Amino acid sequence: MEDVGTAKTAMPAISPLAGDPIKRADAERLAGVLKAFADPARLRLRLLSLIQSAPEGEASVSDLTAPLGLSQPTVSHHLRILTEAGLLEREKRGVWAYYRLVPSAIAGIADLLTPPRKRATKKAR
């Protein structure tokens, strides 16, 4: 793999729901990631869903424009934001770039938003 985007924002190690205060830097990083999710038109959630459900778990911009009914520059813009937030990774192959979810980033967000008691029962299963 070459030219794989790396997360510029690491998930905080502690949950804001764990009862311990979250550090300011961690709160700012988490807010940045959640902001990437919170696109008003929900387009970014749809992009994540389309990429996750693609046959190989990855998609190029050209794979995403038709299902969304949007132009290539618009789709590329949103993919860049999701990549910079650490939710997607990008792999360049020739002239095409392919995007795939970063499972640890998605799981990290879910873990941060899961109350500690529910998290404990989920891990016990």
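These legends describe close-up views of a predicted model. Local features need pLDDT of at least 70, side-chain atom pairs count only at pLDDT 80 or more, and totals for chains, interfaces and linings use all residues. Residues are numbered from 1 along each chain as its sequence is written, and side-chain values use heavy atoms, without hydrogens and water.

**View 1. Fold of the protein chain.** The protein chain holds six helices and three strands. Helices (H or I, at least four residues) and strands (E, at least two) are DSSP runs, numbered from the N terminus. Their order from the N terminus is α-α-β-α-α-β-β-α-α. Of the 125 residues, 36% are buried, meaning under 20% relative accessible area with a 1.4 Å probe, protein chains only.

**View 2. The open sheet.** Three strands line up as β1-β3-β2, with antiparallel pairing; strands pair if DSSP finds at least two bridges between them. The edge strands, β1 (58–60) and β2, each pair on one side only. Six bridges join β2 to β3 (residues 96–101). Lysine 92 has alanine 97 in β3 as its bridge partner.

**View 3. Helix α4 on the sheet.** Helix α4 (residues 72–84) lies across β2 and β3. The helix runs at about 120° to β2; angles run from 0 to 180 degrees between N-to-C directions, with axes fitted to C-alpha atoms, for helices over the stretch in contact (heavy atoms within 4.5 Å).

**View 4. Glutamate 91 in strand β2.** Glutamate 91 lies in β2 (residues 88–93). This glutamate is buried, because its relative accessible area is 11%. Its side chain makes a polar contact with the side chain of arginine 100 (2.8 Å). A polar contact is a pair of N or O atoms within 3.5 Å; within protein, one must be able to donate a hydrogen and the other to accept it, and residues adjacent in sequence count only if both atoms are side-chain atoms.

Technical notes:
Buried means under 20% relative accessible area, exposed over 50%, partly exposed in between (1.4 Å probe, protein chains only).
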